[in-house]
Amino acid sequence: MHRLRSTQLQPAVALPAVGTLINQEPYAALAARYGRERVVAAIREQVDAERKGEATGSERARRVVEERLQLAAAPKLRRVINATGVILHTNLGRAPLSQAAVDALATAARYGNLELDLESGKRGERADLVSGLMTTLFEAESAHVVNNNAAAILLALTALCKGREVIVSRGQLVEIGGSFRMPDVMRLSGARMVEVGTTNRTRAADYEQAIGERTAAILRVHTSNYRVSGFTESTSLRELAGIAGAHKILLVDDLGSGAMEAIADEPTIADSVRACDIVTFSGDKLLGGPQAGIILGRSEVVRKLAKHPLARALRIDKLTLAALEATLRQRLSGRSGEIPVQRMLKTPVADLRRRAAMWSVKLEERGVSLRLVTGESAAGGGSLPGHGLPTVLLALMGPASRLSAALRHGRPPVIARIEDGACCLDPRTVLKGEDEELLDAVEAAFKSLK
């Protein structure tokens, strides 16, 4: 015979009032740290949970309240260890800054001569702080800088081509992250886009035939985040320069990544500057600096851009300017090896193998099962597509998805990659000084799954 459960209501559990709890010592201490209003809200949330049947003692309740407050007060932007092997990982902020650039940020956080000429005492231009460095480094007549490369192209098209036609190959109508498309930029600028050629073949004659009285420029957009291969044909930069010069129109080159030196089939900044009226590229890609849109070109053209009203809306802030200046000075002084992106791109596979082997020994001593496998790193950030960098991976033995999640939820979070069914760590993108933190995080992730 089964005993019937009583249908009578259970007597309500008397819960302490929020006003009473907030004045008790443990909660008063939390209020001093997090603020009274936050603590009251957290206590009220916990009391509501207990009313709904969540069983807990007073000490457990206090810990839950404190954990809730810690989570709410924690910064949303957190440092992570990048073990993906993707150097310019867009989701992780692309280029990590050099120590010199980080130090420059601390200086710029105070008062500074951002728009003050210290010699004359008159108002200055913020871009002048780096324009001389850029013209020297990139051997350009003139230079300007805005907050990103999309902004640089938008400014160039608006200031130079609004109300007129811009010719671009159909094979270069790129889409970058966040569904941001080149035709959208063209439309916002007020210029009319004239498409020529086909997706895989665009000849010099296609550009010639499209030029008319309303043509303002030819725009070349480097397909930095994909490649079209096979039955293809494109018009060289030298040919485009000849066509633009003959018809007295502008040649604008959106380089995207901005390679300082020849690497894979990436066009170099120097080649573009020699051929074009305006060249734009990102500061936080192959240059290895902060997010910025660098504009190089002929003096009269760059001057027109800088004086356009849109330039003010797109200008960079003082922190970006400081980090960019530090990065440019490192490049100019031959200390590019101190820039993390440059160092990662150049690290020999033998060095990566030694580092991975050292991790392997230490982790096995801690009871972590793994194996070393060969693999490829990637430049990332829409740079050098199809050009892998040989590396050595630590493949962790265990459920890949669960290990990856456990690493991601650690302190600090470690971002791994899953390859061939294994959770893998690539030493190429783990910064100097992060080794011990990484090993501790891997050990903790393993233990959490047991």
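Reader: Which residue in strand 10 stands opposite His 144?

Author: Strands of a sheet pair through backbone hydrogen bonds, in either a parallel or an antiparallel manner. In this predicted model, Ile 295 in strand 10 is the residue opposite His 144. Strand 2 and strand 10 (residues 293–297) run antiparallel and are joined by five bridges; two strands pair if DSSP finds at least two bridges between them. Strands (E, at least two residues) and helices (H or I, at least four) are DSSP runs, numbered from the N terminus.

Reader: What conventions apply to the model?

Author: Residues are numbered from 1 along each chain as its sequence is written, and side-chain values use heavy atoms, without hydrogens or water. The model is predicted: local features need pLDDT of at least 70 and side-chain atom pairs 80 or more, while totals for chains, interfaces and linings use all residues.

Reader: In what order do the strands of the open sheet of seven strands lie?

Author: The order is 2-10-9-8-7-3-6, with mixed pairing. Strand 2 (142–146) and strand 6 (192–196) each have a single partner strand, so one side of each lacks a neighbour in the sheet. Direction ignored, neighbouring strands here are turned by 25° against each other on average.

Reader: Which helix lies across strand 7 and strand 8?

Author: Axes are lines fitted to C-alpha atoms, for helices over the stretch in contact (heavy atoms within 4.5 Å), with angles from 0 to 180 degrees between N-to-C directions. Helix 10 (residues 237–246) lies across strand 7 (215–221) and strand 8 (250–256), at about 150° to strand 8. Helix 12 (residues 299–307) also packs on the sheet, touching strand 2, strand 8, strand 9 (278–282) and strand 10, and its direction makes about 25° with that of strand 2.

Reader: How is the open sheet of four strands paired?

Author: Its order is 11-12-15-14, with antiparallel pairing. Strand 11 (370–377) and strand 14 (417–419) are the edge strands, each pairing on one side only. Neighbouring strands are turned by 45° on average, direction ignored. Strand 12 (residues 389–396) and strand 15 (residues 422–425) share three bridges, and Ala 395 has Cys 424 as its bridge partner in strand 15. Helix 17 (residues 400–408) lies across strand 12, strand 14 and strand 15, at about 40° to strand 15.
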